[in-house]
Amino acid sequence: FGKPVFTLAKLSSVDAPWVADSAVTDFVPKGYQLDKSGVPTFRYFLGGAWVEDAVRVSNNGEGVTREISIKDATGNYFARLAEGSAIEEGGNGLYLVDGKSFYLRIEDAGGAKPVIRDGNGSKMLLIPVQQKLRYSIIF
Amino acid sequence: MKNILLPMVLKKVLLSLSLSIIVAPPLMAQEAAKEEDFFRIARMSVPENVILEVGGLVTLPNGDLGISTRRGDVYIVENPTSARPFYRKFASGLHEILGLEYKDGNLYCAQRGELTKLVDTDNDGRADLYETVASWPISGHYHEYSFGPKAAPDGAFFVSGNVAFGNEEWWRGESRVPWRGWIFKVAQNGQIEPWATGVRSPAGLGMIDGELFYTDNQGDWIGSGAVWHVKKGAFMGHPAGLRWSGLPNSPVKLTTAELYALANPRQERNAQGRAIKPENVVDEKFVTLIDMKKNIPAFTLPAVWLPHAILGISNSEIIKIPEGVFGPFSGQLLVGDQGQSKIMRVFMEKVKGEFQGAAWDFRSGFQSGVLRMSWAKDGSLFVGETDRGWGSAGDASMGLQRLVWNNQVPFEMRAVRAMPDGFEIEFTKPVDKKTANNLSSYEVESFTYKYHPVYGSPPVNTKNCVVKGVKVSADGMKARIVVNNLRENYIHAIKLEGVRELDNSYSLVHPTAYYTLNNIPKGAKLAQGEMSTKRLPATQNTAAGKPALASKGSSDATTTTASAAAKKPAALKPTFASVKPLLLKNTCVACHNELKRQVGPAYAEIAKRKYSINQIVRLIYNPNKANWPEYETEMPPMPQVPKAEAQKIAAWIKSLEK
């Protein structure tokens with residue numbers, strides 16, 4: 001995290017090179033739905049799948065939580081949650097990236113397991129997204 | 001020396017003769033009826049914190065008014081015609097909305113980069129679903145306005161894209177990404193279908209009886225504003241969009257190279273390698289759109305020209321007047337203008353299967369640039385206004401007003417129809433047969449515009465057309481004039497200065513019609529015996545027009561003999577009366593008024609600068625934008641103003657110095 005790059009991609013496998021195309025040509029924006037407090041949930045097509053993508057303040061105010069849900073996926077979708085020279089696992093689904101002062105916490109991946117692998121000359125944290133992914137960035 | 005006396009005496013005789021004609025007829029001292037005697041501009045109350053730089057207006061089926069603004073808000077106004085309308089903010093956070101449409105229970109708006117459907121899913125009176133129907137590329141240039149949408153009969157929407165402008169060549173419209181400089185169709189499923197190109201600033205899309213029309217703003221390549229009928233594959237003239245004509249789904253196949261081979265884009269550089277802005281060359285061989293169409297069938301000529309500076313400078317919304325609304329004008333079109341802050345009226349007919357017709361002034365005096373219009377349920381007209389980024393007549397930078405008819409029928413030309421040998425004018429009230437049968441009451445001249453990369457064009461190929469005869473119908477409602485020298489595709493200015501109404505001897509509220517004669521109809525010509533060929537001295541206007549505010553350009557008729565009298569002894573101090581015909585003829589009035597700030601500075605303000613007469617003349621020919629930094633609209637060079645006239649105008653401006 002910390003970089004303005006697209007989080008989701010359709011890959012042939014978890015080891016396939018990450019999508020280099022920053023324009024994300026198979027992305028079709030479809031606007032957003034506001035909740036009762038006027039906070040948007042973004043909606044878009046990505047590679048033919050329908051995605052709903054919402055960022056909200058975490059319940060206890062400890063950070064921000066993002067929830068992504070995918071429907072009609074034809075193929076394997078992965079989220080690239082972090083990229084850096086060092087990704088440490090802190091237990092309980094917590095990750096520390098490059099010794100920064102905030103944590104990445106994977107809360108609900110529908111049972112999928114995250115993978116730390118090499119790519120783009122550094123380490124990447126990927127997780128398959130089958131139908132749902134929820135993670136938080138905690139300060 | 002001795003010869004001076006004789007001409008002066010002669011002129012004095014002529015003057016007293018013409019004065020006696022003014023005084024003699026047994027007419028009551030009538031003021032010429034004015035627009036505001038029939039159509040009142042009413043205020044609409046707007047809450048203090050609501051900023052309405054109107055980009056879109058639509059009346060909902062229940063009578064509520066939907067307003068979209070350039071600030072990205074959508075308001076719904078309940079009881080909009082009442083004294084206490086209620087404003088509800090329906091949506092916000094959108095990107096410069098320049099249109100609003102209602103379809104199947106939902107509002108649709110065109111943002112800079114997408115067509116958005118606004119849905120209130122939980123029925124709380126505010127939109128909560130902002131659905132992107134389709135998005136299109138934008139480069140980020142400030143001029144890439146996207147106008148629309150307008151619902152097509154098949155359920156899709158039309159949207160149009162303004163061009164961007166060059167960095168070094170800031171005067172040249174260009175298309176940086178598809179489909180800027182295009183009109184395109186957006187289906188409900190998000191599919192984009194490029195429809196037509198050659199547009200520059202297509203601010204006014206209009207669906208009229210199921211057909212698409214649009215207006216453009218005069219600028220580079222577009223000599224004057226006009227109303228075009230837009231069929232799929234049309235090319236209206238501006239080259240920018242041709243950049244994409246090679247794309248597989250482009251319905252226009254003409255390439256930029258093919259166009260430039262026939263019309264020089266004048267992309268010249270000076271000795272230092274800097275780009276030179278093309279300016280109007282007075283004595284040059286030029287081409288017109290008419291010439292271009294002969295060589296390139298893809299060219300689409302306007303249905304009805306709106307002569308630049310006379311009928312607007314930045315045309316906008318086109319709407320049709322519904323049945324039962326605005327009396328004799330129902331069924332005709334109204335077109336807004338963002339620069340002169342007024343509305344024009346257009347009558348269209350089809351000749352040989354193509355649209356053509358006449359245009360007149362209708363109502364001026366709105367507080368800011370007219371961009372959008374929508375009908376209220378009570379038959380009044382909501383007018384949405386904004387002038388940010390441009391210069392407009394009027395006191396305000398934005399507005400929402402209402403135009404209300406008082407049910408009194410003005411004496412106007414209702415319609416002008418082309419005839420095999422001239423034109424037939426239909427009036428709203430019976431004419432006085434004596435003035436209507438007098439050929440001196442009519443004047444016709446025709447002209448067109450250049451097709452070139454310069455910003456706008458002066459009128460060219462101007463020819464006088466002799467009115468050979470007139471036949472007035474028995475009921476006095478129609479006058480058919482036989483006119484020689486008709487030219488197809490040319491604009492024919494038909495002036496009826498001398499025609500009077502039967503009951504009250506009123507002159508026409510708007511005495512000049514501009515008819516675009518794309519096709520001359522076949523049919524029987526008037527026989528010699530059927531028409532009157534009398535040519536008596538012209539009727540005088542009893543109310544020798546007070547110097548009306550220049551921005552109105554409506555009812556003050558200067559007659560033929562009165563202007564002849566005005567051309568007398570030039571040695572006298574220039575008066576407004578002597579210079580007014582020159583200001584009208586050279587379209588100075590489009591932007592300047594004696595005392596009030598309009599698109600350009602007031603003459604009194606210019607006089608304060610204490611320029612010499614020669615300096616003013618030079619500035620007429622080559623204005624300097626840097627002299628007036630607080631005015632956004634650049635004055636185009638006016639090399640077409642004859643030297644003698646420029647000097648007269650300059651002398652008069654100088655005389656305003658205190």
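In the predicted model, chain A and chain B bury about 810 Å² between them, with 37% of this area on carbon and sulfur atoms. The contact takes 8 residues from chain A and 12 residues from chain B. Lys30(A), Tyr32(A) and Gln33(A) supply 53% of the area that chain A buries against chain B, more than any other three residues. Between the chains, 7 residue pairs are in polar contact, counted with both residues at pLDDT 80 or more. Strand E2 (residues 27-34) of chain A gives the most to the side of chain A that touches chain B, contributing 6 residues.

Gly91(A) has Leu94(A) in E8(A) as its bridge partner.

In one pair, the side chains of Lys36(A) and Asp122(B) meet at 2.6 Å, N to O. Lys36(A) lies in the loop between E2 and strand E3 (40-46) of chain A, and Asp122(B) in the loop between strand E8 (114-119) and strand E9 (129-135) of chain B, so the pair joins two chains. Lys36(A) is exposed, at a relative accessible area of 73%, whereas Asp122(B) is partly exposed, at 31%. Arg43(A) forms a salt bridge with Glu131(B), the closest N and O atoms being 4.0 Å apart. Within chain A, a network of salt bridges links Glu62(A), Arg105(A), Glu107(A) and Arg134(A).

Salt bridges also occur within chain B, including one between the side chains of Lys450(B) and Glu284(B), at 2.9 Å from N to O. Lys450(B) lies in the loop between strand E29 (443-449) and strand E30 (459-465), and Glu284(B) in the loop between helix H2 (256-262) and helix H3 (289-295), so the pair ties together parts that are 166 residues apart in sequence. Lys450(B) is buried, with a relative accessible area of 4%; Glu284(B) is partly exposed, with 24%. Lys610(B) forms a salt bridge with Glu657(B), with 3.9 Å between the closest N and O atoms. Lys610(B) lies in the loop between H7 and helix H8 (613-621) of chain B and Glu657(B) in the segment after H9, so this pair ties together parts 47 residues apart in sequence. Lys610(B) counts as exposed at 51% relative accessibility, and Glu657(B) as partly exposed at 25%.

In helix H6 (residues 576-585) of chain B, the buried residues are Phe576(B), Val579(B), Lys580(B), Leu582(B) and Leu583(B). These residues pack against helix H7 (603-608) and helix H9 (643-655) of chain B. H6(B) is followed by Thr587(B), which has a positive phi near 60°. The loop between H6 and H7 of chain B contains His592(B), a buried residue with a relative accessible area of 12%. A polar atom of the His592(B) side chain lies 2.7 Å from the backbone oxygen of Pro601(B).

Definitions and conventions: Residues numbered from 1 in each chain as written. Chains lettered and ligands numbered in written order. Predicted model: local features only at pLDDT ≥ 70, side-chain atom pairs only at ≥ 80, totals over all residues. Heavy atoms only, no water. Buried < 20%, exposed > 50% of the residue type's maximum accessible area, 1.4 Å probe, protein only. Helix = DSSP H or I, 4+ residues; strand = E, 2+ residues; numbered from the N terminus. Contact = heavy atoms within 4.5 Å. Pairing = 2+ DSSP bridges. Polar contact = N/O pair within 3.5 Å; in protein donor to acceptor, adjacent residues only side chain to side chain. Buried area = accessible area lost by both parts, 1.4 Å probe.
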